[in-house]
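Have a look at the chain first, then read on.

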Amino acid sequence: MTAELEGRVAFITGAAHGQGRAIALALARAGADIVAFDVAAKIAYPAYSQGSPAELGSLLTEVEALGRRAVLAVGDVRDAAAVQSAVDDAVEQLGGIDILVNNAGIVAYAALEDMTEAEWDAMLDINLKGPFLVARAVVPQLKRRGGGVIVNNSSVMGLRGGNRLSHYVASKHGLTGLTKAWAIELAPQGIRVVSIHPTGVNTPMNDGLAELEGATAIEIAERSAGNLLPGVPWIEPEDVAELVLYLVSDRARFATGAQFTLDAGLLTR
Ligand SMILES: NC(=O)c1ccc[n+]([C@@H]2O[C@H](COP(=O)([O-])OP(=O)(O)OC[C@H]3O[C@@H](n4cnc5c(N)ncnc54)[C@H](O)[C@@H]3O)[C@@H](O)[C@H]2O)c1
């Protein structure tokens, strides 16, 4: 039996660790070749650790062990030239792009009155402008293939408010808006655009946020998550990857412009 995503190429941002890595592996397991784009270095804001070159290297090994090809691209989603160069490399080495997962993102707490302009700008530039820069570079490639899928990783915070998270919440609501606008604009070209909205996920971001707050990850989860399902402080990156796998597959062929929550019931409370 042919693998579901055989012959397709997926461009995934923030692929070194966390959800992006789990998504890359799930899509590779389903037959896709992978372009893993990641800053793979510490950035000025926020203070917690991002992905690393070693993690990108081990992702390459794991994708190849699945019998799929991977192209690694180190760059910042805020850097239009680095994004374009990764897209060019992907096309040269893998022939094109069929799937884009705008996943790279950051989080940090800040009360409105204490928030610096630099913090606001970094949050919006990475979480909202980044997906725009990446999609702008990738969409011509999707069109060249006659269609494709874009999945934007928003958050439950792209559908509700959050305490001391206004810049994060604004960026994630913005991504929800981009999803709807791009879905309208790109439907005639056979490109579907959807957003996903996970509750807290067990990733280095979760740990990083806890570290910044001087709390444990479980304390942060208890403070903010409010998941409906008992005994579920967070979900796993593989749960998110399973949803993305469905959404990029032809099984989801009529899903576009829509918001998919994976929140253990949080938004129902
Ligand atoms: N962890 C959660 O609780 C949670 C919940 C809902 C939504 N999200 C969203 O899911 C996405 C992935 O989150 P995660 O939990 O895997 O985070 P993470 O911090 O564990 O991983 C993020 C990855 O993105 C990369 N990255 C960060 N900034 C980048 C930049 N400027 N350019 C390129 N790469 C960059 C990092 O190096 C890292 O590999 C984010 O957009 C996040 O906002 C996270």
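A couple of ground rules first. Residues are numbered from 1 along each chain, following the sequence as written. This is a predicted model, in which local features need pLDDT of at least 70 and side-chain atom pairs count only at pLDDT 80 or more, while totals for chains, interfaces and linings use all residues.

**The sheet**

Let's start with the strands. Seven strands make an open sheet, ordered 3-2-1-4-5-6-7, with parallel pairing. Helices (H or I, at least four residues) and strands (E, at least two) are DSSP runs, numbered from the N terminus, and two strands pair if DSSP finds at least two bridges between them. Strand 3 (70–74) and strand 7 (259–262) sit at the edges with a single partner strand each, so one side of each has no neighbour in the sheet. On average, and ignoring direction, neighbouring strands of this sheet are turned by 15° against each other. Angles here run from 0 to 180 degrees between N-to-C directions, and axes are lines fitted to C-alpha atoms, for helices over the stretch in contact.

For a closer look at one pair, take strand 5 (residues 148–153) and strand 6 (residues 191–198), which pair in the parallel sense over six bridges. Ile-150, for instance, has Val-193 in strand 6 as its bridge partner.

Helices pack on this sheet too. Helix 1 touches strand 1 (9–13), strand 2 (33–38), strand 4 (99–102) and strand 5, and its direction makes about 170° with that of strand 1. Helix 4 touches strand 1, strand 4, strand 5 and strand 6, with a direction about 175° from that of strand 4. Contact has a simple cut-off: two residues are in contact if their C-beta atoms, placed from the backbone, lie within 7 Å.

**Helices against helices**

| Helix pair | Angle | Axes |
|---|---|---|
| Helix 1 (residues 18–29) and helix 2 (residues 53–65) | about 15° | 9 Å apart |
| Helix 1 and helix 8 (residues 237–248) | roughly 50° | within 8 Å |
| Helix 3 (residues 80–94) and helix 4 | about 25° | 9 Å apart |

Helix 1 is oblique to helix 8.

Now for handedness: a crossing is left-handed if the near helix is turned anticlockwise from the far one by less than a right angle, and right-handed if clockwise. Helix 1 crosses helix 8 in the right-handed sense.

The crossing of helix 3 and helix 4 is right-handed. Ala-80, Val-83, Gln-84, Val-87 and Val-91 of helix 3 make the contact with Leu-133, Val-134, Ala-137, Val-138 and Gln-141 of helix 4. Those residues divide into eight nonpolar, two polar and no charged.

**Around the ligand**

Which residues are closest to the ligand? They are Gly-14, Gly-18, Gln-50, Gly-51 and Gly-105, out of 31 that surround it; a residue is near if its C-beta atom, placed from the backbone, lies within 6 Å. Helix 1, helix 4 (117–144) and helix 6 (204–213) each give two or more residues to this shell. The shell has twelve nonpolar, 16 polar and three charged residues.

Most residues other than glycine have a negative phi, and most peptide bonds are trans. Tyr-45 and Pro-46, however, are joined by a cis peptide bond with omega about 0°. Pro-46 is in the loop between strand 2 and helix 2. Arg-164 is not a glycine, yet has a positive phi of about 55°. You'll find Arg-164 in the loop between strand 5 and helix 5 (166–186).

Conventions. Nonpolar A, V, L, I, M, F, W, Y, C, P; charged D, E, K, R; others polar. Parallel < 35°, antiparallel > 145°, perpendicular 65-115°, else oblique.
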